[in-house]
Amino acid sequence: MMNLNNVLFVNGTSTTLAGVILLIIPNRLSTLFGLSVNGYLIAVGIFFSIFGTFVLYQAFQKDVSKATLRFITTIDWLWVLFSAVLIGLLFETVSPIGLLIIGVIALWVALMAFLEGKYLRSNGKN
């Protein structure tokens with residue numbers, strides 16, 4: 001089983017990378033998603049970059065506090081919930097490939113949150 005620091009490293013790296021991609025090529029991604037504006041993707045890119053960097057920083061800490069881990073896990077689960085709501089609300093607006101991308105990212109984030117949650121339930125033992 002991966003230790004907590006490895007889970008946080010994978011989560012932080014993938015989140016930061018997704019954020020940077022959203023910030024570098026928002027116009028291409030807007031087209032792929034069938035969106036006429038790219039402001040939403042830029043906002044998500046900024047959020048992903050900041051949050052991912054925070055998670056990545058935590059991955060290199062010797063001890064991650066339970067409160068910090070709970071915060072990260074909560075944000076991850078909220079992202080999964082937000083993504084599910086978005087898929088429902090934007091089903092007619094976003095392209096099928098865009099919906100698929102949102103869903104795949106949500107599943108990935110859910111996996112990260114699940115793995116982080118295992119450490120919360122085990123009294124924070126790394």
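Me: Which residues have the most contacts inside the largest nonpolar core, and how many residues does that core have?
Reply: In this predicted model, the largest nonpolar core has 14 residues, and Leu 4, Leu 8 and Leu 69 have the most contacts inside it. A nonpolar core here is a set of buried Ala, Val, Leu, Ile, Met, Phe, Trp, Tyr and Cys residues joined through side-chain atoms within 4.5 Å.

Me: Which elements give two or more residues to this core?
Reply: They are α1 (4-24), α3 (39-59), α4 and α5, and the largest share, four residues, comes from α5. These helices are DSSP runs (H or I, at least four residues), numbered from the N terminus.

Me: Is there a second core, or what else is there?
Reply: A second, separate core has eight residues, among them Leu 41, Phe 48, Val 80 and Ala 110.

Me: Back to Leu 69, what does it touch?
Reply: Leaving out residues up to four places away in sequence, Leu 69 touches Leu 4, Leu 8, Val 64, Glu 116, Tyr 119 and Leu 120, where contact means heavy atoms within 4.5 Å.

Me: And Thr 68, buried or exposed?
Reply: Thr 68, which lies in helix α4 (residues 66-89), is buried because its relative accessible area is 19% (buried is under 20%, exposed over 50%, partly exposed in between, with a 1.4 Å probe and protein chains only). Beyond its neighbours within four places in sequence, Thr 68 is in contact with Phe 54 and Gln 58.

Me: What about Val 104, where is it found?
Reply: Val 104 is found in helix α5, and with a relative accessible area of 47% it is partly exposed.

Definitions and conventions:
Residues numbered from 1 in each chain as written. Predicted model: local features only at pLDDT ≥ 70, side-chain atom pairs only at ≥ 80, totals over all residues. Heavy atoms only, no water.
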